[in-house]
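Look at the sequence and the model below. Then read the short report that follows.

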Amino acid sequence: MADAVIVLRAGREKSVLTRHPWIFASAIDSVEGTPGLGDTVVVLDGKKKFLARAAYSPSSQIRARVWSLDENEIIERAFLEKRIKASIERRAGLKAYENTDALRLIYGEADGIPGLVVDQYANTLVMQLLSAGAEKFRSEIVEILSEVVKPEQIFERSDVEIRQLEGLQPREGLVWGKPMDHVVEIFENGLKYQVDVTGGQKTGFYIDQRRNRQKVYELSKGRQVLNCFCYTGGFTLNALAGGATGVTSVDSSGPALEQLKHNVSLNGLDEAKSEIIEGDVFTLLRKFRDQARSFDLIVLDPPKFAPTISQAEKASRAYKDINLLAIKLLRLGGILVTFSCSGGISRDLFQKIIAGAALDASVDLRIIDQLSQSPDHPVLASFPESFYLKGLICEK
Ligand code: SAH
């Protein structure tokens, strides 16, 4: 059966021509045929000239995601295999270079496979299908991954809300290979972590912070550290291993903190130096201020306050609030390592927020380093949305 066709409004072909993978509903003039969820469609410009093949998503504002700009390329198993292999090959040598066995192998649009995320944790793969197009090729993707990577198992964590926008139900479970423990042990920069791939956040671990954890390791010697939004202790372990005199770790998730405790002992780190507090960071920072507690290094790695630009204003206030409080808790000469993983907050805006917080605290804050996501989460130049993690290291 011939692929259905979507014709773009005049002028709206520009984003496809500039290699941006998303085609919004508002850009479409007409649809010829009745493409279903995830079906491949041919994309034409207003003059009916071929632009791309894309995956159709009937109910999403992102109505189609571009698979290929090459008219001769058919979207089938061989195409996916080529893209998956290329994505994995681009990371050849990265495990050794980054000193880890936990790596993002496929980062969706940025790797030319819209909606597909695959993380490797030692011999286990964790897969997320986030778009109708990726879902359509689910069985092919599982098969290809099992053949190319030869893992012990592939676990699916498509239990995320954004699937609803694509008209897909959440799904999770073992999809290939041997039954498994829900916890996988990985290593990174000389430290070991237990990652709960079945119940943890995201696919189990914040792989994207790897290089930034290393920075905290380097900065921690002799410092009293506060790690806010600590999850399972990535920054905590690095601060302890890097010679911090003590680390206070805060998160609202009890299970994450249990895992953190376990990770501290797994590495033989000094539990007496590790204070763990379950609670709300916004409240706790105020409590510390009232108690006149102070620190030499503070990490702020909150969840996405602004997934999209429409929430940017409210999110800005939240970022400013915690950063202002943190700046006040820092001793003179202290270091703030602060992040935003919100797609709706640009690097410029984030820096302005931090500048505003420093101004309100009446201090000169000096930015001494700019941080971003680790290289297995590449930013596709034509797709700025793939750049999401912004970090600043600041000195008070
Ligand atoms: N820094 C971590 C990742 C942090 S993810 C790492 O490197 O692994 C954000 C964390 O913030 C999650 O663990 C979540 O449970 C926690 N969180 C979200 N809102 C919170 C709040 N208001 N107070 C405390 N923790 C919160």
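How do the residues of the shell around the ligand divide into nonpolar, polar and charged? There are 7 nonpolar, 4 polar and 4 charged residues. Here Ala, Val, Leu, Ile, Met, Phe, Trp, Tyr, Cys and Pro count as nonpolar, Asp, Glu, Lys and Arg as charged, and the others, Gly among them, as polar.

This is a predicted model, in which local features need pLDDT of at least 70, side-chain atom pairs count only at pLDDT 80 or more, and totals for chains, interfaces and linings use all residues. Residues are numbered from 1 along each chain as its sequence is written, and side-chain values use heavy atoms, leaving out hydrogens and water.

**Ligand contacts**

| Protein part | Ligand atom | Distance |
|---|---|---|
| Asp 251, side chain | oxygen | 2.7 Å |
| Asp 280, side chain | nitrogen | 2.7 Å |
| Val 281, backbone | nitrogen | 3.0 Å |

Taken alone, the ligand exposes 580 Å², and the protein buries 89% of that. Such areas come from the Shrake-Rupley method with a 1.4 Å probe.

**A buried aspartate**

Asp 296 lies in strand 17 (residues 295-300); strands are DSSP runs of E, at least two residues, numbered from the N terminus. Asp 296 counts as buried because its relative accessibility is 16%. Buried means under 20% relative accessible area (1.4 Å probe, protein chains only). The Asp 296 side chain reaches the backbone nitrogen of Gln 224 at 2.7 Å. The side chains of Asp 296 and Arg 331 are joined at 2.8 Å.

Terms used: Polar contact = N/O pair within 3.5 Å; in protein donor to acceptor, adjacent residues only side chain to side chain. Helix = DSSP H or I, 4+ residues; strand = E, 2+ residues; numbered from the N terminus. Buried < 20%, exposed > 50% of the residue type's maximum accessible area, 1.4 Å probe, protein only.
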